[in-house]
Structures are given as structure tokens and as C-alpha cells.
Amino acid sequence: MDQTASELAAEKQAIDTEPQYIDAPLTAAATFLVLVINDGEEAMATARSVVASTDDLIKDITIRVNGGPFTCNVGISHHAWEPLTGKPLPKELKSFQEIRGSKHTAVATTGDLLYHIRADSTDLIVEFEKILLEAFGDSVTAVDDVAGFRYFDGRDLLEFVDGTANPDGLSLPAATLVGSEDPAYAGGSYVVIQKYLHNLKGWRGQSTETQEAIIGRTKFDNVELPDATEGQKSHKTLCTIKDADGEHDILRDNMPFAVPGRGEYGTYFIGYSRHLWVIEKMLERMFIGDPPPLYDRILDYSRAVAGVTFFAPPRQFLTDLGD
């Protein structure tokens, strides 16, 4: 193979594996839109066409924002993958598995498509959703549509800084993007979403010291506390996954959400990972405990009401669905 052919092959590989906007910077606003594709071949064909046009729809918005941040990632569930794409499943993709602990349950809920939309102003997100849902028409049904907001200095509504363990630099793509272990889907990412509702009254009834012990960090200056070596472990420790290969990171872009008039306050968890098993292990440790039954005590104040798994394929994969 001559040099020119080699360069062309490398360029094509780079395009085919270009990820979606997994590593986009944190924004002031975000929406998590979960859709179910309605029954029938016509609905599936329409959904496929709209998913394939995602990049064009994004461009329709970004050209209007004068360089401001706007991104959208699309995830496809195990249930919808083969009928929507006509392709074999990514190696680890499966439906979200309910995890039933001694006291709390990570529930599994429905969802075929995820649109994770991020911007620094809500008007852009609403405009994109309007255009997107008009394109889908009656081919889909929205089962969740949650608007998140950045709360003060990156804190959740429990008033602790969130996402401090996120990887950065070269560690970010290494932790979030599929590689040579599944070459057909290199550049993709496994995505897990969960919706949590908080009992703020109960949480605020705890002392700061108790809250810090549950989270594993100090509240005001966000300093890690020492890990417990036995017995009850903190949220931070339970969500740290280590094995013989070292520590396995994921990328979190959680957002607080609230409807004060209904007394609803929560966190929308979203995790991107190169390996689905890493997030599954985190949730198992949270809900079942390590050791059982010493579950994550944050669950006494944060109830999971949704849980779905998706795969966010490379950008070119989505575009090719329109062919």
C-alpha cells in the first residue's frame, strides 16, 4: 500500500471513529430526553431518518449561537438497536438490569433513544427539542424530559460538589471511548442514566459531619476523606472501582433538577464509560453494599425512579443510518 493510500485509510478510520460530544465541557443547562419508538415499520423508518440527521439538526442550532456551547449526544438502547440500525449489538450493550438491595432498588425503566442536550442557555435546548420532536412526529413517545441546571459552584441539591472524580486529559477518552476491544464500534460510549429524587428534609436533618461521612468528602472545601478499610463505606469509596488493572473511571455529567411547586428535587445521573460493566459494578456496590448489606447511605435520601442503558455510537455511524 503506497503512502497516499495509507493516509486515506487513516483519515477514513479517524472519521469513522470520531465520537459524539462525549467530552464536551460542563454547561449551565442540560436536558435529558428519553424516547420510545412507537410500533410499526413506518415509525421505525422515521425514527431512523431523524437519528441519522442529528448532526444537521445540531448545525441548525449552533449556527445561531455565535460560538456559544451547544452539543447533543444520541444513545440507542439494546431494545431498539437491531431494528433501528440493522447492525449487530455492541459487545457489552444490554438492557439496564434492576438491582434489588436489602432496602433500596435501582429500578429499570423503558427507553429506546436518549438525547443528552447541553448548552449555556435553556432557550437553545428548547428550540432544538422543538425542531427534533417536530421531525419525529408521531413516530416516538417521550417518556422522560428533564431540564437540569448548574447549581452554584457545580454542587448537587445535597449541596456537595458533584463530578470531582471525572477523568481529564488523555485519561478521558481512555475511560469513555470503546477501542480495539470492539473495533466495529470504536469511538462509541456506553451510557447509563438514572433519575434520583431527594428527600431534602431528611438530608438537612443530618449533621454536616454525618453528611460528609456518607459522601466521603468535606462539604465546604470538597476535600476527600480517608477511605474506610472495613465496615460502612462512603459513597465516594463505593463508586471507586479498582482491580488488578488499576482504577476504572467513568465520566459523569450529572445535573440537578427541581420543580419546587411539587416539592420535587433531584439529580439526573448520566455516566459515560468505555465498559458498561464499570458502571454496573458501581451501582451494585451502592445498592447491595460492599460488603452486603452495607449499602450506600446516600440512598436513604435519594430514591432511584428511572434507569436505562444506551450506546452512543460514533457520529459517522449515526449519519450512515440515512443511507
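Are W81 and F317 buried or exposed? W81 is buried, and so is F317. Buried means under 20% relative accessible area, exposed means over 50%, and partly exposed lies in between (1.4 Å probe, protein chains only).

## About the model

This is a predicted model, in which local features need pLDDT of at least 70 and side-chain atom pairs count only at pLDDT 80 or more, while totals for chains, interfaces and linings use all residues. Residues are numbered from 1 along each chain as its sequence is written, and side-chain values use heavy atoms, with hydrogens and water left out.

## The whole protein

The protein has eleven helices and 13 strands. Helices (H or I, at least four residues) and strands (E, at least two) are DSSP runs, numbered from the N terminus. The radius of gyration is 20 Å, close to the 20 Å that the globule rule gives for 323 residues, so the protein is as compact as a globular protein of that length. That radius is taken over C-alpha atoms, and the globule rule is 2.2 Å times the number of residues to the power 0.38. The C-alpha atoms fill a box of roughly 60 × 50 × 40 Å, taken along the principal axes.

Of the 323 residues, 48% count as buried. The protein exposes about 15,300 Å², and carbon and sulfur atoms supply 52% of that area. Accessible areas come from the Shrake-Rupley method with a 1.4 Å probe; for residues, only the protein chains shown count as cover. Now take contacts, meaning heavy atoms within 4.5 Å. Among contacts between residues at least 6 apart in sequence, 78% join residues at least 24 apart.

## The nonpolar cores

In soluble globular proteins, nonpolar side chains tend to be buried together. A nonpolar core is a set of buried Ala, Val, Leu, Ile, Met, Phe, Trp, Tyr and Cys residues joined through side-chain atoms within 4.5 Å. The largest one here has 64 residues. Those with the most contacts inside it are V51, L113, Y115, F128, F136, L283 and F287. Helix 10 (residues 276-287) gives the most to this core, with seven residues.

Look at F128. Leaving aside neighbours within four places in sequence, F128 is in contact with L57, I58, I61, F70, C72, Y115 and I117. A second, separate core has 20 residues, including A30, I193, M255 and F310.

Helix 4 spans residues 78-85. Its buried residues are A80, W81, L84 and T85.

A45 lies in helix 2. At 39% relative accessibility, A45 counts as partly exposed. A45 and L84 are 39 residues apart in sequence and 7.8 Å apart in space, C-alpha to C-alpha. Just after helix 4, G86 takes a positive phi of about 70 degrees. K87 is found in the loop between helix 4 and strand 3 (99-100). K87 is partly exposed, with a relative accessible area of 43%. Not counting residues up to four places away in sequence, K87 touches W81, E82, Y185 and F317.

## Aromatic pairs

The whole structure holds 14 aromatic pairs. Rings of Phe, Tyr and Trp (its six-membered ring) pair if their centres lie within 6.5 Å; planes under 30 degrees apart count as stacked, over 60 as edge-to-face and the rest as tilted. W81 and F317 form a stacked pair, 5.3 Å centre to centre with 20 degrees between the planes. W81 lies in helix 4 and F317 in helix 11, so the pair ties together parts that are 236 residues apart in sequence. Ring pairs link W81, Y185, Y190, F311 and F317 into a cluster.

## Backbone details in loops

The loop between helix 10 and strand 13 holds P291 and P293. A cis peptide bond joins D290 and P291, with omega about 0 degrees. The bond from P292 to P293 is cis too, with omega near 0 degrees.

F152 lies in the loop between strand 6 (140-149) and helix 6 (171-176). F152 is not a glycine, yet has a positive phi of about 50 degrees. F152 is exposed, with a relative accessible area of 68%.
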